[in-house]
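Hi,

Here is the structure I promised to pass on.

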Amino acid sequence: LCRGGLAERLCRLQNRERSAISFWRHQCISDAKIPSDKSGVLIVKILEMFEECTIQVAICQQLEQSSAMLSSEDAVINAGEPILKVLFARETAAHLKSRPQDVIHIYPPWQKLLLKNADVPVIMNTYFSQKVLLSEHSETREQTYGLTKMLIRKNIISLAQMFRLDDLDDELHQKSSDNQVACAPQIHNNCDSNQHPLAQSAVNDSLLEMVESQGAVGWREAQVRVVIQRVYCLPAREGYRSHIQGNKPLLSNRGMFCRLCLLVQDAYGMFSEVQLQSLSSAEDIEQYCRRWEGKFCCLAGMKILQRTTRGRALGLFSLIDSLWPPVVPVKVPGQSQDSEMMTTNVPPPSFCYILTAQSGEIHVEVDEEEQISNLYQPPAVHGLKEILQIDGCNERCSFWARVLYLRLQTKHSVPINQREIGLFVTDSTLQNVVHIIPKVVAVSVAASCVLSTEITEALSVASRLVFFKDALWENGRIICVERTVLLLQKPLLYSAAGADLSELTGPVRLDELDSTTQANSICAVRGTVVGVNESTAFSWPICNRCGNGKLELCPQDRALLYCSQCSEVVISPVLKMQLEVFLSCPSRSQSTVKVKVWHEMSFGLFVLINMLLSLQSYEVQSVLGKEVGLLNCYVHSITSHPNCVALEEIVLL
């Protein structure tokens, strides 16, 4: 809103008004009595009620103070008392839960409006209203009525009638009794309108209209039909963990509580995020994506958690922007819904409602047998080469890639479950290019990105082809953030957008160390050994069967080693060693290249080291001058003063 503008002033005024109403109601409840000050109080008895344009209209008779002290049944209607038409806003009507014969006290500042050519005055600004229960019989009746449904007649006023158009459609002249809607607590039926007599009139196709008509407290008698664009998991906050103690929270591999979420879109292009509260396991996210994405669903019993904007939720709106503009024309509010009035030339949404179920139950009915909606936009799959050439920032991208190596962030000040994971990936579009772009790309997996156990277990044992759905391209980096999904199975609906997604046929090649190599990347190194850092060298024995590095002395024979994991004596332990060597590399002739090696067996340099280890000693002079073949290394750091490159040999998956 423009600072100091009319809209901002109106927003502040509405906020003050809501605060004043809430404070007044709280004061009435805490006092547990009717305010004693009766000056200016309008006392009415409801004779008839109906709804028009979301406003509840009550035909009432004004009462005097003496008759107002009687119960609603004993208050005698005097024909001489004036008849009033009292307007109650939707929130006020929901608070009062009034019925015919109820007595209502309306406190200032109410206003009386006298209409031209109308005999009945209209009472407005009735926010400070209170229903009066003056006898035990009235309280009993209130409790009994509270358990039953109250039918409210809704007068449907068409725009044609409002503007007095001549070509009125006969369908607009519906009887009011056909449009009565019960104030039921919730609707649990699915989208099939034949299963419930009220469903036909309750199902809507506009999220915004549903929010405006039902309010923030919850959708009781209505449903909205939407398309599921995305299915993903979000990490739950601390407050949310205590809120879902009665459900089964999802525990991901990094020890975080998660919840299943849906990004849905209505026929008008409006988006909303629906946060569900339970999921049996992390593996369910894949089947939910396969079964639900692109399908229609009906939402019922929802309440609004938050109305968020683009500035507050950049991650959510980057995903929404990737789905905009719609692939098919959407409806335009306030216009005819004929096909010629539908358009794709609509600005992207600037706000989004975060919804959740009211009572902890899932109120989402998905028609899995229905065909995929035309409004659904599957992720456009691109090759890594194309993604690296994106000019924009904060854009979502989806791709297939083979994971070659993964590494956990080593900052010890950060808890393990909050550390970032680095995945180094490649595909055929990078491997087939001649030294223009890197052959391997780093993908950062933020702690907020939920990884299923299937993904983490698969990547811990072997190189796998992984589908990265809705990753974020930001400042030259690919980041898996909230609402990014990693899958092993190939989705059927996702389009390749002309990208080369062929499988890798030959061995994977890494970029050789040169002047363009950056820190926190992986590369291949070749050179000549020019020095050894003896002060940092150390060795330790490990089990030749399981690789356990914590061997103990055998209790029966102190000359032997014992493995507690195998529960057996280790006859032939393997001696593992860490050693730092300095290489002279032609590709970085001006830099000191330091490589940390610490594996018990390898090719190239380790063949020489293992030969020396077999003698339980080594001579530095025998290592110097030896040629080292291509070693796969992780680049820890690159400094210019001094000019040094710190590497660590790694083993690819």
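The second largest pocket holds about 1100 Å³ of space, and keep in mind that this is a predicted model. Its lining is made up of 37 residues. If you want to find the middle of this pocket, go to Phe424, Ala442, Ala519, Asn520 and Ser521, which lie nearest its centre.

Which strand gives the largest share of that lining? It's E21, with 4 residues. Strands that each supply at least two lining residues include E19 (395-408), E20 (421-426), E23 (477-480), E25 (522-542) and E31 (627-640). Sorted by class, the lining residues come out as 17 nonpolar, 13 polar and 7 charged.

Between E26 and E27 (residues 561-563), the antiparallel pairing runs over 2 bridges. Zoom in there and you'll see Leu553 opposite Leu561 of E27. As a reminder, strands in a sheet pair through backbone hydrogen bonds.

Last one: is Thr92 buried or exposed? This residue belongs to helix H3, which covers residues 90-96. Thr92 counts as buried because its relative accessible area is 2%, and the cut-off for buried is under 20%. Apart from neighbours within four places in sequence, Thr92 is in contact with Arg25, Thr126 and Tyr127.

Cheers

Methods. Residues numbered from 1 in each chain as written. Predicted model: local features only at pLDDT ≥ 70, side-chain atom pairs only at ≥ 80, totals over all residues. Heavy atoms only, no water. Buried < 20%, exposed > 50% of the residue type's maximum accessible area, 1.4 Å probe, protein only. Contact = heavy atoms within 4.5 Å. Pairing = 2+ DSSP bridges. 1 Å grid on protein atoms, 1.4 Å probe; cavity = no way out; pocket = protein on both sides within 12 Å on 5 of 7 lines; lining within 4 Å. Points joined across faces, edges and corners; volume = space filled by probe spheres on them. Nonpolar A, V, L, I, M, F, W, Y, C, P; charged D, E, K, R; others polar.
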